[in-house]
Each structure stands twice: as C-alpha cells, then as structure tokens.
Amino acid sequence: MITGPWLRRLPPGDGSAPARLVCFPHAGGSATAYLPLSRSLASRVEVVGVQNPGRQERYAEPRLESIAELADGVLPSIRKALDRPTALFGHSMGAVQAFEVVRRLEQEGLSVAALFVSARRAPARYRAEAVHRRPDAGLISEMRLLGGTDGRIFDDQEMARMYLSVVRSDYTAVETYRCEPGVRVSCPIVAVTGDRDPRVPVGEVREWAGHTAAGFRIRVLPGGHFYLTEHAATVATLVDEVLGET
C-alpha cells in the first residue's frame, strides 16, 4: 500500500503490477527522477519514488541532514509497501539510504527481494569529502562535473538558491555517513554503474559484494554518474530479470 508524503507512485503505475520497485533519489533529486525508469517498466513492475523532505511539494518541510534520519523517516511507508514482491533501488546518495532501510527492515524480520545500488561506492569505502562545506560556487562546480542537472537552473538566482539548499543538506547527509566493513544484509545486491563516473570507480562499486550474505552481481554501462538517463531501458530489463528470479 502506498500512502503518506514519503512515497509517490509514478506513471504509468496504477497499483496493479505484480511487483514493486521503490526508488531512492540522488543528492538534490526527487521522486520524479525515476519517471524514465517507470515508463520503461510499464505495467510489469510498479515504480514508486521516494520523496525526501525539502523538495517539490515537500519543500516547506525541514530538510534532514543524516542518512539515519532519512532512513528512519521513510521506513514506516516502506513497511506498508511490502504487500507484494518489492525491491529497492538507490542512485548515488539514494543507494546508502536504501541500504540503511533494508538493514532496518531485516532487523524487524522483514525482507525485500533485492537491493539495487547505482553509481555509489560500497558503504564501508570511506572517503573524506566536504562538498557540503563549499560555498555555492563550489557546489555548482560539483554539480556540473557530475552532470544530470539542467545548467539553466543556475542562471536563476532564486531557483539556484532553493536547489542548492537541498543539495547542501543531502551532501551533508551522505558525506557524514559511516558504515562498518562487516555490515551485511540478507538480500541479494545488484550494483549498476557508469564506466566513466568521475567520482565512483568501478572497483569501489564491486566492494558492495562484501555487504551482502546473499548473491551479488554488477553491471557496468557506458556513461558517467548519470548513466541512468540514457540507459533506463537497459536497467529496466535488469530489474525484470532479478525480480523474475525471486
């Protein structure tokens, strides 16, 4: 069941699909980032986007600045969404948010069919970063490096100010996140990444294998940090394959 402000059913989903994919956005992103993936999966798998506070219709709500708060906040809604075979999919920051949600579900005796982690190094692969402490110009530089953001948003001062406040909070959450090397989940992990990601080496993505007690596989696609923009249909096929095995 999909209820509350944290989850948005994305079109063309109408609640009738036999399986569900709950998708967690990148830093600064929103639920609608997954519209192309939802359209590619069509009626086979219902795509539900996570809408973290501080963006779109939730803009007026206080932003959360830790992965633990973001995972705890969405957890009650995820519990209610497990009324059919469900997998979680997280891109970049969303990958660690999804990972922490799976950990919490499993501590309660609940489970998901699989965890898809996209464009993110393994949780235990720590790197000292402080993008969230940069001035606005530094944040914009990082956004331009990664791509995936319409550059015209930075030409409007008011729009840029609103967007960068969300980005800064999200970067605070993901850059202050820590995870011990031995932490594992019981569901399979499927990692997907671009072969030219300027911030996420493929070798560090492979280390997600150490965070599951079940199966692990990795798919490397052509592209950078936002490879998903061009390869939504390929990722949809992979989701179909994995959910078909459960």
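Cys 23 is buried, at 0% relative accessibility, where buried means under 20% relative accessible area, exposed means over 50% and partly exposed lies in between, with a 1.4 Å probe and protein chains only. The model is predicted: local features need pLDDT of at least 70, side-chain atom pairs count only at pLDDT 80 or more, and totals for chains, interfaces and linings use all residues. Residues are numbered from 1 along each chain as its sequence is written, and side-chain values use heavy atoms, with hydrogens and water left out.

A search of the whole structure finds zero disulfides, a disulfide being a pair of cysteine sulfur atoms within 2.5 Å. Cys 23 is accordingly in no disulfide, and the nearest cysteine sulfur, in Cys 187, is 15 Å away. Cys 187 is itself buried, at 3% relative accessibility. The closest cysteine sulfur to that of Cys 187 belongs to Cys 179, and the 13 Å between them is too far for a bond.

Next comes helix 3, residues 93-107. Helices are DSSP runs of H or I with at least four residues, strands are runs of E with at least two, and both are numbered from the N terminus. Helix 3 has 15 residues and reaches 22 Å from its first C-alpha to its last, close to the 21 Å expected at 1.5 Å a residue; the expected span is 1.5 Å times one less than the number of residues. Twelve of the 15 residues are buried, which leaves helix 3 mostly covered. Among the buried residues are Met 93, Phe 99, Glu 100, Arg 104 and Leu 105. The buried residues of helix 3 pack against strand 2 (19-24), strand 3 (45-50), helix 2 (67-80), strand 4 (86-91), strand 5 (114-118) and helix 5. Gly 109, with a positive phi near 85 degrees, follows helix 3.

Phe 154 sits in the loop between helix 4 and helix 5. Its relative accessible area is 12%, so Phe 154 counts as buried. Leaving aside neighbours within four places in sequence, Phe 154 is in contact with Ile 140, Met 143, Arg 144, Thr 149, Ala 160, Tyr 163 and Leu 164, contact meaning heavy atoms within 4.5 Å. The C-alpha atoms of Phe 154 and Leu 164 are separated by 9.2 Å, and the two residues are ten apart along the chain.

Now the pockets. On a 1 Å grid over the protein atoms alone, a pocket is an open set of points with protein on both sides within 12 Å along at least five of seven lines, and lining residues have an atom within 4 Å of a point. The largest pocket holds about 630 Å³ of space, a volume being the space filled by probe spheres set on the points, which are joined across faces, edges and corners. Of its 26 lining residues, His 26, Gly 28, Gly 29, Ser 30 and Ala 33 lie nearest the centre. Helix 5 gives the most to this lining, with four residues. The lining divides into 14 nonpolar, eleven polar and one charged; Ala, Val, Leu, Ile, Met, Phe, Trp, Tyr, Cys and Pro count as nonpolar, Asp, Glu, Lys and Arg as charged, and the others, Gly among them, as polar.

The second largest pocket has a volume of about 290 Å³. It is lined by 24 residues, with Ser 92, Glu 142, Leu 146, Tyr 171 and His 225 nearest its centre. Helix 4 (136-146) and helix 5 are the elements that give two or more residues to this lining. The lining of the second largest pocket comprises eleven nonpolar, five polar and eight charged residues.

Notes: On a 1 Å grid over the protein atoms alone, a cavity is a set of points where a 1.4 Å probe fits but cannot get out, and a pocket is an open set with protein on both sides within 12 Å along at least five of seven lines; lining residues have an atom within 4 Å of a point.
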